[in-house]
Amino acid sequence: MMRERFWERFDLEELTTEEWEALCDGCGQCCLLKFQDEDTGDLAVLNVACELLDIGSCRCGDYANRFARVPDCTQLTPERIDDFRWLPKSCAYRRVAEGRKLAAWHPLIAGGPERMHRKGISVRSFAVSQREVPEEELEDHIIAILPIDG
């Protein structure tokens, strides 16, 4: 059972596993492939989603087994939130960690994900599956370069 408005009342480290999972807005942006430049540390973000991402729902197609199937899958945890400065400013984990409120479109506020999808927050409108892009064409799919400090 989740506590009422837990995201406003508790620190990320105090959330139950169920609350932590519910805080995810389901945008799928963390499931986009990324390349890190070894020299500068900058992160290139692609419009190519992990092969497990169901782009229509922006949910993992095999969440329980994702680490076995995709060894470099990133696990977001409260303890590691500072390692994920690349998360978009819209991300609920980042918002709460920075002391900001959830957006009005967040599924916990709006009652479901459709408002988020309609506002273009999710990757639904632009992502393509990793299964559809040959490895030699991945560089053609870079949509952003994010400077990452140190």
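So, what percentage of the 150 residues of the protein count as buried? The figure is 42%, where buried means under 20% relative accessible area, exposed means over 50%, and partly exposed is in between, with a 1.4 Å probe and protein chains only.

Quick housekeeping. This is a predicted model, so to speak of local features we need pLDDT of at least 70, side-chain atom pairs count only at pLDDT 80 or more, and totals for chains, interfaces and linings use all residues. Residues are numbered from 1 along each chain as its sequence is written, and side-chain values use heavy atoms, with hydrogens and water left out.

Okay, the fold. We've got six helices and six strands; those are DSSP runs numbered from the N terminus, H or I of at least four residues for helices, E of at least two for strands. Reading from the N terminus, the order is α-α-β-β-β-β-α-α-α-α-β-β. The radius of gyration is 16 Å, close to the 15 Å that the globule rule gives for 150 residues, so the protein is as compact as a globular protein of that length. That radius is taken over C-alpha atoms, and the rule is 2.2 Å times the number of residues to the power 0.38. Along its principal axes, the C-alpha trace spans about 50 × 35 × 30 Å.

On to contacts, meaning heavy atoms within 4.5 Å. Of those with a separation of 6 or more, 56% come from residues 24 or more positions apart. As for the surface, the protein exposes about 9,200 Å², with carbon and sulfur atoms supplying 47% of it; areas are Shrake-Rupley with a 1.4 Å probe, and for residues only the protein chains shown count as cover.

Now charges. There are 19 positive and 29 negative side chains, and the centres of the two sets lie 10 Å apart. Lys and Arg count as positive, Asp and Glu as negative, with His and the chain ends not counted; each charge is placed at NZ of Lys, CZ of Arg, CG of Asp or CD of Glu.

How many salt bridges does the structure hold? Six, a salt bridge being a side-chain nitrogen of Lys or Arg within 4 Å of a carboxyl oxygen of Asp or Glu. One of them joins Arg5 to Glu8, closest N and O atoms 2.7 Å apart. Arg5 is partly exposed at 36%, and Glu8 is partly exposed at 44%.

Arg94 pairs with Glu98 at 2.8 Å, and Arg100 meets Glu98 at 3.0 Å, N to O. Arg94 is buried at 16%, while Glu98 is partly exposed at 45% and Arg100 is partly exposed at 31%.
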